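Hi,

Here is the structure we talked about.

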There are 2 protein chains.
Amino acid sequence: MLARFSGVTDRGLDTTVPPGSDGRWSRRRQWAADGVVGFMMKQAVDHPECISLAAGLVDPQTLPLEATREATQRMLADESRARAALQYGTTEGAQRLRDLLLEYLAGLEGVSTDQLGITPDQLVLTTGSQQLLSILCETLLDPDDICLVADPTYYVFLGVVAGLGARAVPIESDEGGMKIESLEETLQALRDCGDLPRVKLVYVVSDHDNPRSVSLETPRREQLVEVVSRYSTKQQIFILEDAAYRELYYDASPRPSVWSFDDRRQSVVLAQTFSKCFSPGLRVGFGVLPRELVGPVTDLKGNEDFGSASFNQYLLATAIEEGLFHPHVQRLRATYAAKRDRLAAAVTKYLGDVEGVEWLVPAGGLYIWMTLPEGVDAGWGGTLFERAVDQEQVMYVPGDLCHAGSDDVRPRNGLRLSFGVETPDRLELGVERLARAIRAEL
Amino acid sequence: MLARFSGVTDRGLDTTVPPGSDGRWSRRRQWAADGVVGFMMKQAVDHPECISLAAGLVDPQTLPLEATREATQRMLADESRARAALQYGTTEGAQRLRDLLLEYLAGLEGVSTDQLGITPDQLVLTTGSQQLLSILCETLLDPDDICLVADPTYYVFLGVVAGLGARAVPIESDEGGMKIESLEETLQALRDCGDLPRVKLVYVVSDHDNPRSVSLETPRREQLVEVVSRYSTKQQIFILEDAAYRELYYDASPRPSVWSFDDRRQSVVLAQTFSKCFSPGLRVGFGVLPRELVGPVTDLKGNEDFGSASFNQYLLATAIEEGLFHPHVQRLRATYAAKRDRLAAAVTKYLGDVEGVEWLVPAGGLYIWMTLPEGVDAGWGGTLFERAVDQEQVMYVPGDLCHAGSDDVRPRNGLRLSFGVETPDRLELGVERLARAIRAEL
């Protein structure tokens, strides 16, 4: 593990690869080498005995088997729809689904489709929302460009930015999400040192984020758009709003998106997915794009895969049209809320008496974020992770992976605990094991 | 049309974009701008009245509706398979399908799976083979790097290379495919001028290629591997063998792949797809990779989409396991062979008496390549294309798009005529209309 560890220590800031340092590979390949996603997946494969509080997978028991059976059957029974599903589609995706998504989005925002202020051609369907994140970064970021991110943030996204030789700069955040005054301070500091033209993007997971399940407070959403607009003097700085967990609210009321505060629909890209709220195996995500980004994103997507699978797009459209989608999301919320409660209760039971151990009980999403006393090393390649995996057979996502910046500044005392994939009983057992490992470290 | 035309005139050679020439976009976006794929798709959408001898789509009447119905039903009836299909998979794709593809590949090569000399982990599943082409280029090509291509070649691939700021250098080819002595001359010339370290890749569509439906002669396959190996002194030059049309042989016997001549399995990447031989709407392609490329390709794919849709991979695996795939391919061959005959007969009927009009009747694939007398402008933005589309309502792919190199050296008297999508009667009607347009130009 330690041998690979060195590969990411400089992941956040030092992205320079000497040109020609390995003649076989492109610089892009070298920037993407030793990614943490691959490492975490390998850990899971190498340690099947582990209870996984790490995996961001969805609960296998909640997967929409019946809904998919019915939707598939109906889709394929309709001759012309079946043929469209089996044929090439356009790069931007099936019109039928994009029309439905306009209504779906209007429902989430609590407005009519007319009030959305966009047309269906501003919706682009992608292979999960991950592909949209990747293509948008490719569209905007040159090597050494800057993307501002809430700290901590979705670690896979940090890999995307690093993989383009660009820099992720962390913005302080609290239980209300990214702190807007910190964002403004950083933008001002970057302007002062002449780096503002390098800033192309601000990334935020707006609802029940990854890794902490905190949501950006509503007033901050409006402020975010306003501040970024104020610093977009020489060129537009875009905001990438990743709303992957938008549908997974349990206690909280859903909020209007950051995107909804962008009155002119020119600065915010809204990324959503049906991976968390329906089925990740279908890999259907979508982006709502400012008009000027539609061409750039579809040009790149055309080169990369022509377009995502029509079959899956028509299948999801059928599930929505036939009323199979929404009831599934309702059931999902109830299941995850109960699992969240079970995981939170287990943490209280097994770690409630340990001073300096803190955690957030989230109102939605799939994760509980825990911090240990400073000085305890829960990080990647650290002793707790090794003890947890090797001795206690329980796995978590080391929180340091979720922080941008160089190794020496990234806190190593955080843990992301997922209640996504395991059963309630195994969640409790996982925490019992993890607590033993933590106590042994203290 | 002419306004956009300027966007690709320098597509082959001059890939330099002044850094910061448009602060909003990355260089990558600028290289990918005004891609010809988007243009051709837009032409199709804007001119629905046209008979399409252009589209590389598959015949809608041949799409495997019944096979897909049955495979889907069986897959979803199996509880554990259904859950796996609906869940996230690994980046490299479903093991079940990869195991089957090892057998499938052995069948195509006419050997046992043991004799293939690879393990299933060298097979990576992608979103069509297009994604493999794109990721492989990203893995290998830096800006200004060189990819050698048969001339003419698959025009979408030229867009991929240009989209990375790299250069496609054309290699002369004849009815036996890429001429190996021309390849060697070019490699030697590049070595002489010090550019050999820039050469990372040789791209060839080995069977019934796009746009001419010619196949690389078997002896040349072995020579190709040998010559490239001889010039791989400082670093490995890889060969990308695109075998998208491998299953679509009508008269000819199938050949062993170029890949099969790479005894050490270290220089050839074999790209295949189920888009042409089963369903493009599923977007299932795969690559057979030299061992050292597996990590680089999956690292990049992990960043770009985690992995392609599990659902489609399990669906295809089921179709193969249940014996639904192979009979479909048999039927497909018969259908396409008949359509090829009809298109070829129509060309003879309507253009057989015109001096200087020549065409190849292919033994497989989806295209008839036609050349007009030199000086007739059949190219993009030229008068024939405009006349064909606007006055005669018939569309083809202008052959100049399929040539690498700068505008002034690319021949403009070639046409790619597809017999993929239209019915036999409309194929004949299309040629009748095209012949009128051609005669008017002469």
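**A proline and its surroundings**

P280(A) is buried, with 26 other C-beta atoms within 10 Å (buried means 20 or more other C-beta atoms within 10 Å of the residue's own, exposed 12 or fewer, partly exposed in between, with C-beta atoms placed from the backbone). This is a predicted model, where local features need pLDDT of at least 70, side-chain atom pairs count only at pLDDT 80 or more, and totals for chains, interfaces and linings use all residues. Residues are numbered from 1 along each chain as its sequence is written, while chains are lettered from A and ligands numbered from 1 in the order in which they are written.

P280(A) sits in the loop between strand 8 (268-273) and strand 9 (284-288) of chain A. Helices (H or I, at least four residues) and strands (E, at least two) are DSSP runs, numbered from the N terminus. Leaving out residues up to four places away in sequence, P280(A) touches V58(A), S275(A), Q87(B) and Y88(B); a contact here is two C-beta atoms, placed from the backbone, within 7 Å.

**How the two chains meet**

66 residues of chain B are in contact with 66 residues of chain A. Which helix of chain B gives the most to the side that touches chain A? Helix 11 of chain B does, with eight residues. That side of chain B divides into 26 nonpolar, 27 polar and 13 charged residues. For the classes, Ala, Val, Leu, Ile, Met, Phe, Trp, Tyr, Cys and Pro are nonpolar, Asp, Glu, Lys and Arg are charged, and the others, Gly among them, are polar.

In chain A, eight strands form an open sheet with mixed pairing, in the order 2-9-8-7-6-3-4-5 (two strands pair if DSSP finds at least two bridges between them). Strand 2 (123-127) and strand 5 (177-178) of chain A stand at the edges with a single partner strand each, so one side of each has no neighbour in the sheet. Strand 3 (146-151) and strand 4 (167-174) of chain A pair in the parallel sense over six bridges, and A150(A) has I171(A) as its bridge partner in strand 4.

Over in chain B, six of the six residues of strand 8 are buried. V268(B), L270(B) and Q272(B) point one way, and V269(B), A271(B) and T273(B) the other. Strand 8 of chain B pairs with strand 7 (238-242) in the parallel sense over four bridges, and with strand 9 (284-288) in the antiparallel sense over four bridges. L240(B) stands opposite V269(B), and L270(B) opposite V288(B).

**A helix pair**

The axes of helix 5 (79-86) and helix 12 (310-321) of chain A come within 6 Å and cross at roughly 140°. Axes are lines fitted to C-alpha atoms, for helices over the stretch in contact, and angles run from 0 to 180 degrees between N-to-C directions. The two helices are therefore oblique to each other (under 35 degrees is roughly parallel, over 145 roughly antiparallel, 65 to 115 roughly perpendicular, and the rest oblique).

Cheers
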